[in-house]
Amino acid sequence: MTTSADADDRLIEKGRKLFAQAWRFTHASPSIESLPPMGAIEVAFAGRSNVGKSSLINALTGQNALARTSHTPGRTQELIFFEGPEHAPLRLVDMPGYGYAAAAKTKVASWTELIHKFLLGRASLARVYVLIDARHGLKEVDQEILKTLDRSAVSYQLVLTKADQIKPAELASRIAETAAALAKHPAAFPQVLATSSRSGTGMPELRAAMVRLLEERST
């Protein structure tokens, strides 16, 4: 008999193998009209500016220079696509950070429109991972994205980043309060993942979640 622990171990190992292979940048889309053709299953990473999206993608793939990271919020202004090995029909999408107040209002409006249009109209988008800084928790600007996702048919899951930068008791409290907030969002995946790009915490579980998604989509 296969136990849930066995299944988890299988998915973690499959995820490790998938992301140990070479990943590459393939496309940058500043507008909906310039998106690459649909085909591969896509998972997107959304979050406030400077929440650590690019660092997370680099940690997932073990390629420190795959996604461009910056200490300056608002640098990613396009939808950035990455693809893995040919036999794995999966794309990673790094989305523009939202909620960056120091950018010009017209730019912020443009990025916000791009994000919302992509979330509502991309049939190949299987899941959105909404990244939340573990030090600060959910903010009002995050709630706007969650509302958009609730209106769409896209599954989404919350991922806490920078989990190594707070004490374990505070992290446990943050996970609990985030999970409680999700009760108001029926489209959300109930489990909250805690990760650290610096220490690698949570990366095996996040890779395993993507493998499970691939398997569900292929059946």
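Predicted model: local features only at pLDDT ≥ 70, side-chain atom pairs only at ≥ 80, totals over all residues.

Residues are numbered from 1 along each chain as its sequence is written, and side-chain values use heavy atoms, with hydrogens and water left out.

The chain holds six helices and seven strands, where helices (H or I, at least four residues) and strands (E, at least two) are DSSP runs numbered from the N terminus, and their order from that terminus is α-β-β-α-β-β-α-β-α-β-α-β-α. Of its 219 residues, 48% count as buried, meaning under 20% relative accessible area with a 1.4 Å probe and protein chains only.

Strand β6 (residues 155-161) is largely enclosed by the rest of the structure, because six of its seven residues are buried. On one side, β6 pairs with strand β5 (residues 125-133) in the parallel sense over seven bridges, a pair being counted if DSSP finds at least two bridges between the strands, and V130 stands opposite L158 in β6. Together, β5, helix α4 (residues 140-151) and β6 make a right-handed β-α-β unit, where right-handed says that, with the strands pointing away from the viewer, the path from the first strand over the helix to the second runs clockwise.

β6 also pairs in the parallel sense with strand β7 (residues 193-194), over two bridges, and L160 stands opposite A194 in β7. The chain passes from β6 through helix α5 (residues 168-182) to β7 in a right-handed β-α-β crossover.

Terms used: Buried < 20%, exposed > 50% of the residue type's maximum accessible area, 1.4 Å probe, protein only.
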